[in-house]
Amino acid sequence: MKKITLFFCALIAVPGLDAQLVSSNLPIIIINTNGQEIVNDPKIMADMGIIWNGDNARNNISDAFNEYNGKIGIEIRGQSSQTFPMKSYSIELWNSSGGSVNKPLFGLPQESDWVLYAPYNDKTLMHNFLAYAISNQMGNWAAHCRYAELVLNGGYRGIY
């Protein structure tokens, strides 16, 4: 019989809140679109850096990018969720010429395609995360996930 560990946390993200992120115990993802608007399709090239000093470590916005520092393709993800104030994004890790790059992030399996999921309708920010974690712990396949803070074009966007 498999042991299942349940965990609960309270996280709050308020889209549109003019908050300034200084540090977090979560990884910090910083994306710069260099003045381009993120659209539904096609992906635009942007720069992404990730600050993650490991589990149980504090991540400061002033720290060097140590988990990823490179190009990405980014587009808005979803159908009806595209109308929400907090957007989800599809991201593909790219090299400087736009080719896919497979890389493990946050100790998760190597991949080039990643999702920044905005849990706008889930004010607890836990429904999908908890379901995926329980499924994985039971030995079933489910998406691997990790909470992260997002800073997009210099503005704090919340927890994804």
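1. Start with Asp55: this residue is exposed, with a relative accessible area of 52%. Here "exposed" means over 50% relative accessible area, "buried" means under 20%, and "partly exposed" is in between (1.4 Å probe, protein chains only). Keep in mind that this is a predicted model, where local features need pLDDT of at least 70, side-chain atom pairs count only at pLDDT 80 or more, and totals for chains, interfaces and linings use all residues. Residues are numbered from 1 along each chain as its sequence is written, and side-chain values use heavy atoms, with hydrogens and water left out.

2. Which residue forms a salt bridge with Asp55? The partner is Arg146, and the closest N and O atoms are 2.5 Å apart. (A salt bridge is a side-chain nitrogen of Lys or Arg within 4 Å of a carboxyl oxygen of Asp or Glu.) Arg146 sits in the loop between α1 (127-137) and β8, and Asp55 in the loop between β3 and β4 (59-60), so the bridge ties together parts that are 91 residues apart in sequence. Those labels are DSSP runs numbered from the N terminus: helices are H or I with at least four residues, strands are E with at least two. Arg146 is partly exposed, at 29% relative accessibility.

3. A search of the whole structure turns up three salt bridges. Another one joins Lys71 and Asp47, at 2.7 Å from N to O. Lys71 belongs to strand β5 and Asp47 to strand β3, so this pair ties together parts 24 residues apart in sequence. Both count as partly exposed: Lys71 has a relative accessible area of 27%, and Asp47 is at 25%.

4. Then there's Glu75 with Lys43, whose closest N and O atoms are 3.7 Å apart. Glu75 is in strand β5 and Lys43 in the loop between β2 and β3, 32 residues apart. Glu75 counts as buried, at 14% relative accessibility, while Lys43 is partly exposed at 25%.

5. Now the inside. The largest nonpolar core has 26 residues, and Ile29, Ile31, Met48, Ile72, Ile74 and Tyr89 have the most contacts inside it. (Such a core is a set of buried Ala, Val, Leu, Ile, Met, Phe, Trp, Tyr and Cys residues joined through side-chain atoms within 4.5 Å.) Elements giving two or more residues include β2 (28-32), β3 (44-51) and β5 (68-77). A second, separate core of six residues includes Leu26, Leu125, Met126 and Tyr147.

6. Leaving out residues up to four places away in sequence, Ile31 touches several residues, among them Asp47, Met48, Ile72 and Leu150; contact means heavy atoms within 4.5 Å.
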